[in-house]
Amino acid sequence: MARNLTQQLIEQHLVSGKMTPGEAVQLKIDQTLCQDATGTMVMLEFEALGLPKVKTELSAQYVDHNLIQADFKNADDHLFLRSASRKWGIWFSRPGNGISHAVHMACFGIPGKTLLGSDSHTCAGGAMGMLAMGAGGLQVALAMAGLPFSLVMPEVIGVEVSGKLPPWVSAKDVILEMLRRYDVKGGVNKVFEYYGPGLDNLTAMDRHVIANMGQEMGATASVFPADENVRTFLRQQGREADFVELAAEAGADYDQREQLDLSKLEPMIACPSSPGKVVTVREVAGKPIYQSYIGSSANPGLRDFAIPAKMVEGKNVPQEISLDINPTSRQLLEELSRNGDLNRLLQAGARLHQTGCNGCIGMGQAPASGRISLRTVPRNFPGRSGTKEDQVYLCSPETATASALAGKITDPRDMDMDYPEFTEPEKLQDMRPLMLAPRDTTDEIPVELEKGPNIQPLPEFDPLPEVLSGPILLKAGDNVSTDEILPAGTDILPLRSNIPAISHYTFSRIDETFYQRAKRLNADSFVIGGDNYGQGSSREHAAIAPRYLGVRVVIAVSMARIHRRNLINFGVVPLLFKEPADLARLNQDDMLEIDNLPKQLQAGKKIMVKLAEGKELEVTHNMGEEEVATVIAGGLIDYVRKNHLQG
């Protein structure tokens with residue numbers, strides 16, 4: 001039977017399991033990616049495994065999130081990550097080199113490889129024919145240790161792309177159209193595989209935009225073929241020898257099919273406060289704005305800055321508007337400087353920020369109170385920008401620039417000019433010389449880890465007790481994101497290597513009293529929630545911090561893929577309401593009890609929860625045998641050390 005490209009990639013890396021949607025599979029991981037906000041925990045986890053070096057073909061550690069050095073914390077973390085990279089054979093990318101996903105694609109991406117990253121937008125690597133996925137840091141640490149990655153075999157949605165994008169419409173509008181169709185949970189346990197003649201009109205970096213934000217649909221991955229456009233990209237990076245042509249086999253089938261005619265698309269925009277609230281720009285045009293922000297992993301290409309530069313040439317951004325330019329990489333910033341586009345932006349009044357994630361994760365560039373911010377970033381969850389009551393819209397660079405010039409949300413097709421032309425340069429500066437390569441494995445001089453005072457040991461968690469009882473410490477609604485469970489931002493991100501300190505912010509965007517109530521209780525507790533609980537970032541701190549505060553069970557209507565696994569990794573039991581309406585039966589502070597929980601989990605999918613006055617509630621779970629064993633053990637580190645790394 002002819003195979004689609006996703007099936008080929010999975011089959012080539014299959015360690016165990018059946019390639020039937022819904023079945024558990026384990027895959028060999030070729031490459032791993034970490035960024036600094038999650039990487040500190042990954043390195044502490046890898047240290048806990050006790051191995052001398054990584055076992056992947058290539059692992060890379062980037063510093064792109066915690067760039068603001070307001071005190072010692074971030075700087076100390078950078079030194080720790082550099083020393084860990086030296087110790088265990090990992091590429092290290094220094095602060096200022098750029099955002100992990102774009103830099104990794106330029107320096108290390110190879111068609112046909114698997115890539116697992118401790119950042120949910122690692123899926124951007126699918127732009128060049130990789131099977132690229134985000135995961136919690138502990139699973140990335142285990143992949144670095146040479147262990148396979150476990151996941152549910154996804155369905156594959158074949159998206160046939162035809163046509164050519166009209167003027168003033170770009171790749172961001174493509175993925176926003178997909179989000180309009182699928183919303184933030186329509187891609188759970190699915191891979192979106194793009195194929196068809198329309199791909200001839202999408203560059204590798206256009207595809208990066210689309211693959212990156214596939215995560216916002218909840219997708220396991222997005223996959224594009226490795227074709228001549230990918231070859232052109234690798235040639236531009238001086239790596240044409242890494243090109244491997246990959247495509248679906250003739251006559252390959254898909255679990256579902258989707259049609260996408262590029263020629264029929266128009267400028268789109270996601271309204272506050274969800275990437276899935278997509279409308280046409282025309283529908284919200286005219287609203288006054290405060291800020292337009294261009295950059296991030298979701299629009300990292302040279303054209304995403306060059307087109308705005310040509311749009312503002314000879315014009316001035318109004319005094320009341322902040323046009324924020326957030327270059328994606330050192331390579332891109334050098335090229336913008338060389339070709340004059342940076343000057344065009346600056347002369348129009350744009351503000352230049354350092355290369356990194358920055359405002360995308362609330363590290364600076366927060367908008368003014370009650371004002372609209374248009375951003376080319378991948379997410380607009382409530383408060384993620386750093387302003388509590390923010391009004392962030394997601395859009396293309398063209399829409400952001402046209403709106404900045406007009407001072408209001410503007411369809412770029414209304415610009416009184418022709419759509420600017422842009423041609424990719426044949427060559428770009430190689431960034432690898434500014435990265436620290438893994439040390440020679442024959443070097444026997446030991447490397448000591450540099451641990452500043454903010455880097456604290458991993459908490460140790462107890463196995464699951466026979467009887468679990470406690471209150472519902474929090475009742476949450478639908479689409480609760482990991483930003484709401486454990487926020488980012490300038491105060492919080494620097495604490496990623498200090499669980500006791502960062503736990504103060506647990507659920508603070510939902511209930512500012514949660515930490516105090518959990519500490520007063522000082523005992524086991526439950527959290528309940530609605531649909532798509534834990535959407536968004538791969539940050540495992542959103543599982544570790546609640547567990548540190550005593551949360552042992554989360555019961556929800558449904559859960560996002562990465563967060564569900566992160567809960568398991570740290571011994572928090574993810575249960576599901578058998579009937580979604582049962583959520584309404586429970587309230588915050590209700591007492592729950594589960595007897596013989598380990599035995600119930602091992603016996604099957606049915607779990608009985610005792611309520612007040614002798615009543616019971618039946619819930620269920622979708623864990624496999626190994627996942628059940630992991631939560632019973634209290635987490636994945638002890639389970640793996642005992643079952644996989646002995647001897």
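**Pockets, cavities and cysteines**

Analyst: Let us start with the largest pocket: 37 residues line the largest pocket, and S150, L151, R564, R565 and E627 lie nearest its centre. This is a predicted model, where local features need pLDDT of at least 70 and side-chain atom pairs count only at pLDDT 80 or more, while totals for chains, interfaces and linings use all residues. Residues are numbered from 1 along each chain as its sequence is written, and side-chain values use heavy atoms, with hydrogens and water left out.

User: What are a pocket and a cavity, and when does a residue line one?

Analyst: On a 1 Å grid over the protein atoms alone, a cavity is a set of points where a 1.4 Å probe fits but cannot get out, and a pocket is an open set with protein on both sides within 12 Å along at least five of seven lines; lining residues have an atom within 4 Å of a point. Here the largest pocket has a volume of about 810 Å³, a volume being the space filled by probe spheres set on the points, which are joined across faces, edges and corners.

User: Which classes of residue line the largest pocket?

Analyst: Its lining has 19 nonpolar, 11 polar and seven charged residues. Ala, Val, Leu, Ile, Met, Phe, Trp, Tyr, Cys and Pro count as nonpolar, Asp, Glu, Lys and Arg as charged, and the others, Gly among them, as polar.

User: How many cavities of 30 Å³ or more are there?

Analyst: The structure holds six of that size. The largest cavity contains about 200 Å³ of space. Its lining is made of 23 residues, with Q35, H65, D119, I361 and R384 nearest the centre. By class, seven of the lining residues are nonpolar, 11 polar and five charged.

User: How many disulfides does a search of the whole structure find?

Analyst: A disulfide is a pair of cysteine sulfur atoms within 2.5 Å, and the search finds zero of them.
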